[in-house]
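Work through the exercises below with the sequence and the coordinates at hand. Each task is followed by a solution in steps.

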Amino acid sequence: MTDPDEAAEPMPDDWILDAVRRRMDRAAERVDPRPLFGRITRTVHPAPAVPAGRAWPRWLGPTLTMATAVGLVLLGGWFFEPAHGHAGPRELLAAVQEVHRLPIDRCYLVECRRSPNAPDPFPNAPLLQTSRLWTRGDRFFLVPGDGRIGRAWGRDENGNLWIAPTPRAGVRVESREIPAALATTLDMHTLRVDQVLGDVLQHFDLTEVEAADEGLSGSETVRAVPRRGAFTFLRWATLEVDRETKVLRRLVIARGPFGKAPSITTYTLVETRALETARYSLEGHLREPFEVYTRQHQPERWLGELRKMYGPMADRWFGPK
Amino acid sequence: MTAAKSMTAALDAWVLASLPRAVAFARSLVRDDATADDLVQECYCKLLYKAGEYDLPRDGTRLLFTALTRACIDRSRRQRASSLDTLLDGDPNDSQFGMADPRALAPEAIAQQNELEAALDDALGQLPLTQRAALELKGLGYSLREIAQALDVSESNAGVLIYRARQTLAGRLMPYRDEVVR
C-alpha cells in the first residue's frame, strides 16, 4: 500500500505514527468480528428464497389497509389451533405473538435491501438502508442506523404519522389523513410483530429448520412460506425465536409482488429496555423552541417536508383537496 | 468445491480478516460503536454486492477504507448540518483502547501505558476529522495518493492534513515520547 518512494522518505515524527498504529492494532485486537460478519453475510446472502409463482391477486394488495391487517390479527386466534403436521412451529409463533403484544420496548436493527425494480414511495431511500426501530405494541419509531440525524419518524399511540426532519421542526399527519396505500406501505416498512405473525399464522405453511451455523444459540428457527392462493405481501419469512423467552430475535422477510425481485428486510433484536413514552411521539424528538407543521398550521411547509419524504406521491396524497 | 463456493469462501475470508481493523478505524473516527458498526456493515455490503466487478480479496481493503473514510466524514458532516449536539455527548468508549492483554505488563507499566492511551485518545479526538482520518490511514500504511483519494482531496492537501495532525499530536504527546519509542 505504501509507495516505495514515500517509504524511503525519512519521517521526522515516526513515533507519532507508531503510537497511532499501535493504538489501532490494539483496538483491532479487541474487535470480535463474528457478530458483524454474521450481519454482513445475512444481508448479502439472506435466507434462500422459496420457489415463487403462487397465484396472488395483486389487486388485493393495496387494499390490505392497516385496519384490515389489525382485524386479521384479531381473527388470527382461529388459527392458533395447531395445524396438522406443523404443531410445533405454529404453537411457537402463537406464543411469540402473545409475548410481543405486551407493552415492552424493543429495538431492532433493520437492514432493508430494497429491490431496484419494486415501486417504492420512498424515492430518496438508498437500496440498502440500515435503521433502528423501536417498537411498543402498535407504536413505533425509526431512527437512521448510519448516523444520519433528523430523519426520525414513527407512529404514535393515536395512529398519527410523524416525521422529525430536524430537532426544531416536525410534521404531523393525523391518522385519518393517511391514505390507505401509505398505511399499507408503513406496515411494510416497519415491524409490528403481532401483525406480521398474525399474517404468517393465517396464510403460511410453517416448517421448523435446524439451527444454522450462524444461528444464535438457544433459539429455534421457523421458515414460513405462503399457502397457495394466500394474499399477502410476504413472499417468505424466516423467524428466529428465543427458546426461553419466546421473543423474536431475528426476522428475515422478503416482501413485494410475485414476479419481481423482492425487498429483503432483516430485523435483528439488539436491545430491550424501558423507553420513555415520549420517544414514540413527535415531541420526543424535538427540542425547544420547535414548530410542528400540520395541514392547518404552515400547510406549505408541511407539504414540503412530506415531499422530501415521499417524493411526487406527496402531492397526490396530501395536496390540496 | 465449485467456483462459486470457492469465491464465497475467499470473500468470507477477506471480510473476516479485514473486519477488525475496519471496525477499529470506523469507531475511532465516529466515536460511537453502534454507528461505526452500521457504517462498516453498509460499506462491506456495497462492495460485496459488486463483488463481480472487483477483485475484492486483492483490492477490497483499499476500496473498503476509501468508502469507509468517506462514509464516516459524510456522516459527520450531516450531523453537523443537523445542528444536533450528539457529537458533543462525550466519548463513551474511551476505555475500549486499553491494553489487549494487561497481564503482559507490570502494574506501573500498565498505568503508564493507560495514561498514554488516554492522552492519545484525547489528542486524536480533538483533531479535525479529516486530519484524524488522514493520520490513521497513514498509520495503516496507506500511501499519500490513496489517502488523497479516500478524502477526496489533492495529494498535497492530504500531506498537509497529515503534517498538521502529527504536529498537533507531537505537541500533546511529547511527555510520553520516551514510552512510545521505547
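**Exercise 1: strand pairing in chain A**

E5(A) and strand E6 (residues 169-173) of chain A run antiparallel and are joined by 4 bridges. The model is a predicted one.

Solution. 

Task: Describe how strand E4 (residues 152-155) of chain A pairs with E5(A), and state which residue of E5(A) is the bridge partner of A:Gly154.

Solution. 
1. E4(A) and E5(A) are paired over 4 bridges, in the antiparallel sense.
2. The bridge partner of A:Gly154 is A:Trp162 in E5(A).
3. These two strands also form a hairpin, with 5 residues between them.
4. In that turn, A:Gly159 has a positive phi of about 85°.

Task: State how many of the 6 residues of strand E5 (residues 161-166) of chain A are buried.

Solution. 
1. Of the 6 residues in E5(A), 5 are buried.
2. The strand is therefore described as mostly covered, where a residue is buried if 20 or more other C-beta atoms lie within 10 Å of its own.

**Exercise 2: the surroundings of A:Val143**

Task: Decide whether A:Val143 is buried or exposed, and list its contacts beyond four places in sequence.

Solution. 
1. A:Val143 belongs to strand E3 (residues 139-144) of chain A.
2. A:Val143 counts as buried because it has 20 C-beta neighbours inside 10 Å.
3. Leaving aside neighbours within four places in sequence, A:Val143 is in contact with A:Ser131, A:Arg132 and A:Ala152.
4. A:Thr130 lies 13 residues from A:Val143 in sequence, and their C-alpha atoms are 9.1 Å apart.

**Exercise 3: nonpolar cores**

Task: In the largest nonpolar core, which residues touch the most other members, and why does this core lie between two domains of chain B?

Solution. 
1. The largest nonpolar core has 56 residues, of which B:Ala26, B:Val40, B:Leu68 and B:Ala134 touch the most other members.
2. The most residues in this core, 11, come from helix H1 (residues 3-30) of chain B.
3. Because domain 1 (1-85) and domain 2 (103-182) of chain B both give residues to this core, it lies between them.
4. Another core, apart from this one, has 53 residues, including A:Val173, A:Val252, A:Leu282 and A:Phe318.
5. B:Ala26 is in contact with B:Ala36, B:Leu39, B:Val40, B:Leu68 and B:Cys72, leaving aside neighbours within four places in sequence.

How values were computed:
Residues numbered from 1 in each chain as written. Chains lettered and ligands numbered in written order. Predicted model: local features only at pLDDT ≥ 70, side-chain atom pairs only at ≥ 80, totals over all residues. Buried ≥ 20, exposed ≤ 12 C-beta atoms within 10 Å, placed from the backbone. Contact = placed C-beta atoms within 7 Å. Core = buried A, V, L, I, M, F, W, Y, C linked by C-beta atoms within 7 Å. Domains from an automatic or database assignment. Pairing = 2+ DSSP bridges.
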